[in-house]
Amino acid sequence: LGGSRGARAPFWTPPGDAPTPSARRRGARGPTMRAARLLLASTLVALSSVAAQDSAAAPTTGGIVNASACQGRGCKCLGPHYGRALGRYEHSVFCIFLEPLDKKAVFYPKVDEFAVLELPDIDLRKSGSGNSSVNAIWVAAEGQGSVGQNRALDWVDHTKSLVRGSFVIPFLTAIVHVQGGVVQRVQWDSGCHTCSFNTDDCLPDSTAVVCGSASSPSECRDCGTRASGEICSSSSSACVPRVYVGWLGTDANNVPCNSAGKVISRFRSYSASGLYASASGSTVSLTDVQTGQPAR
């Protein structure tokens with residue numbers, strides 16, 4: 001699993017390309033048809049302003065056990081007890097942070113259930129206006145923010161841009177690494193798994209994080225689609241941000257978590273069209289954390 005963030009661990013390589021036997025029995029419907037969809041209409045607690053905070057300092061979090069031990073930007077997304085050990089199918093706290101809006105959406109996906117988290121009120125086709133002025137996201141689970149390794153094998157924060165030139169990135173996959181049920185880190189499952197590497201829609205994320213193997217690192221890439229193209233024009237819900245979440249490691253009872261085997265990188269032949277399924281039609285009320293008033 002690689003231990004804590006401070007350890008130098010090998011680059012995480014997605015599970016093997018071949019689908020599991022259970023996936024083969026289910027056929028080619030793809031992961032989205034089986035995912036427990038955690039839409040804002042039912043599981044979003046707040047889409048709220050993120051208080052400015054030094055990334056190395058612990059937050060002021062009244063009532064959260066062991067909060068002072070938390071370090072890094074992931075501390076903006078804490079459960080009731082920092083460092084708690086979670087069992088399979090227990091609810092976790094998972095946040096999507098929206099930049100440059102300085103907002104976050106909070107979800108409660110279950111440990112080791114492959115989930116789809118959607119932001120239906122953010123239309124990437126309209127990036128730069130109102131709530132849709134989102135051009136990048138990062139995620140966190142239980143106090144651990146999304147990270148990756150640079151060429152020196154140091155762990156660094158990893159934020160994903162959603163708007164890259166004339167292209168948008170409507171979906172990304174995050175892997176939550178757990179050891180004994182304690183979240184160690186969150187990493188993006190980067191790669192052009194639903195598009196061809198040598199095409200215009202396989203786009204580098206232009207960060208310091210590198211992907212591949214330690215012996216052959218390369219820039220991280222993701223599949224995108226043109227904001228003015230056929231997919232985004234097909235419906236208003238086709239190009240809203242989605243984060244697919246899988247789990248890797250062991251739970252509080254040392255039971256292996258295997259939902260990482262359902263991530264998109266495992267389904268190389270899966271049609272990308274299913275990844276643009278309809279999102280929720282619900283509206284989202286933005287709330288300012290500091291004032292408690294609706295954001296303007």
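In which sense do strand β12 and β19 pair, and over how many bridges? Select residues 167-168 for β12: this strand and β19 pair in the antiparallel sense, over two bridges. The model is a predicted one, in which local features need pLDDT of at least 70 and side-chain atom pairs count only at pLDDT 80 or more, while totals for chains, interfaces and linings use all residues. Residues are numbered from 1 along each chain as its sequence is written, and side-chain values use heavy atoms, with hydrogens and water left out.

Strands here are DSSP runs (E, at least two residues; helices are H or I, at least four), numbered from the N terminus, and two strands pair if DSSP finds at least two bridges between them. In general, strands of a sheet pair through backbone hydrogen bonds, either parallel or antiparallel. Now select F167, which stands opposite R226 in β19.

Move to N66, in the loop between β2 (47-49) and β3 (94-99). H81 is 15 residues from N66 along the chain, and their C-alpha atoms are separated by 6.2 Å. Towards Y82, the side chain of N66 reaches the backbone oxygen at 3.4 Å.

Select E99 and P100. The peptide bond from E99 to P100 is cis, with omega near 5°, and P100 is placed in the loop between β3 and β4 (103-107). D102 is found in the loop between β3 and β4 as well. Its phi is positive, about 60°, although D102 is not a glycine. D102 counts as partly exposed, at 38% relative accessibility.

Continue to D112, in the loop between β4 and β5 (115-118). D112 is not a glycine either, yet has a positive phi of about 65°. This residue, D112, is buried, with a relative accessible area of 3%.

A polar atom of the S259 side chain lies 2.8 Å from the backbone nitrogen of W247. S259 counts as buried, at 0% relative accessibility.

**Fifth stop: salt bridges**

A salt bridge is a side-chain nitrogen of Lys or Arg within 4 Å of a carboxyl oxygen of Asp or Glu. By this rule the count comes to nine.

Select R73 and D157, whose side chains meet in a salt bridge of 3.7 Å, N to O. The pair links distant parts of the chain, 84 residues apart: R73 lies in the loop between β2 and β3, and D157 in strand β9 (residues 155-157). R73 is buried, at 11% relative accessible area, whereas D157 is partly exposed, at 38%.

Next, select R84 and E142, which meet through their side chains in a salt bridge of 2.6 Å, N to O. This pair also joins distant parts of the chain, with R84 in the loop between β2 and β3 and E142 in the loop between β6 (136-141) and β7 (144-145), 58 residues apart. E142 counts as buried, at 5% relative accessibility.

Finally, select E219 and R221, whose side chains form a salt bridge of 3.0 Å, N to O. E219 counts as partly exposed, at 42% relative accessibility, and R221 as buried, at 18%. To close the tour, display K160, R164, D205 and D222, which salt bridges with shared partners join into one network.

Conventions:
Polar contact = N/O pair within 3.5 Å; in protein donor to acceptor, adjacent residues only side chain to side chain. Buried < 20%, exposed > 50% of the residue type's maximum accessible area, 1.4 Å probe, protein only.
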